[in-house]
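User: I'd like to go over the pockets and the charged pairs in this one. Can you put it up?
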Amino acid sequence: MYRAPGAFAASIAWYRAGAGAVAASLAEQVPEPDQRIAVPTTVLWPSHDPLFPRAWSDRIDEFFATATLTPLDGVGHFTPLECPDEFARAVSAAASTAPG
């Protein structure tokens with residue numbers, strides 16, 4: 001589906017423009033510290049994601065009480081496909097530290 005000229009760029013533009021996401025993002029408020037996501041979270045942030053620029057990762061601590069940011073250089077939007085070993089390691093690490 002994405003081989004046709006312009007198809008991939010069009011799909012990215014659709015996500016960027018889609019369903020009021022920009023308006024929702026602009027209206028978003030940073031939660032109070034006690035209202036942040038409390039579940040320990042690992043964020044794998046690729047360097048070449050056209051939807052979520054790495055510069056946005058500077059606000060993770062505003063929304064998560066306990067987050068670990070792992071930058072993935074040379075990776076795009078499809079992290080599990082582009083760096084499956086790093087992705088699997090992150091899932092395994094999270095599963096091994098989960099309670100219960």
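This is a predicted model: local features need pLDDT of at least 70, side-chain atom pairs count only at pLDDT 80 or more; totals for chains, interfaces and linings use all residues.

User: Fine. Which elements supply at least two residues each to the lining of the largest pocket?
Analyst: Helix α1 (7-17), helix α2 (21-27) and strand β1 (41-46) each do.

User: What volume does that largest pocket have?
Analyst: About 730 Å³. It is lined by 20 residues, and those closest to the centre are Ser 25, Glu 28, Leu 51, Phe 52 and Trp 56.

User: How does the lining of the largest pocket split by class?
Analyst: 15 of the lining residues are nonpolar, 4 are charged and 1 is polar.

User: And the second largest pocket, what's its volume?
Analyst: That one comes to about 170 Å³. Its lining includes Val 39, Pro 40, Thr 41 and Thr 42, along with Thr 66 and Thr 68. Ala 90, Ala 93, Ala 94, Thr 97, Ala 98 and Pro 99 also line the second largest pocket.

User: Which elements give two or more residues there?
Analyst: β1 and α4 (84-97). Helix α4 gives the most to that lining, with 4 residues.

User: How many charged residues in the lining of the second largest pocket?
Analyst: None; the lining has 7 nonpolar and 5 polar residues.

User: Switching to salt bridges. How many in the whole structure?
Analyst: A search of the whole structure gives 2. In one of them, the side chains of Arg 54 and Asp 73 meet at 3.0 Å, N to O.

User: Which parts does the pair of Arg 54 and Asp 73 tie together?
Analyst: Arg 54 is in the loop between β1 and β2 (67-72), while Asp 73 is in the loop between β2 and α3 (79-82), so the pair links parts that are 19 residues apart in sequence.

User: Is Asp 73 buried or exposed?
Analyst: Asp 73 is exposed, at 62% relative accessibility.

User: Which side chains meet in the salt bridge at 2.9 Å?
Analyst: Those of Arg 59 and Glu 62, with the distance taken N to O.

User: What are the relative accessible areas for Arg 59 and Glu 62?
Analyst: Arg 59 has 35% and is partly exposed. Glu 62 has 27% and is partly exposed too.

Key. Residues are numbered from 1 along each chain as its sequence is written. Side-chain values use heavy atoms; hydrogens and water are left out. On a 1 Å grid over the protein atoms alone, a cavity is a set of points where a 1.4 Å probe fits but cannot get out, and a pocket is an open set with protein on both sides within 12 Å along at least five of seven lines; lining residues have an atom within 4 Å of a point. Grid points are joined across faces, edges and corners, and a volume is the space filled by probe spheres set on the points. Ala, Val, Leu, Ile, Met, Phe, Trp, Tyr, Cys and Pro count as nonpolar, Asp, Glu, Lys and Arg as charged, and the others, Gly among them, as polar. A salt bridge is a side-chain nitrogen of Lys or Arg within 4 Å of a carboxyl oxygen of Asp or Glu. Buried means under 20% relative accessible area, exposed over 50%, partly exposed in between (1.4 Å probe, protein chains only).
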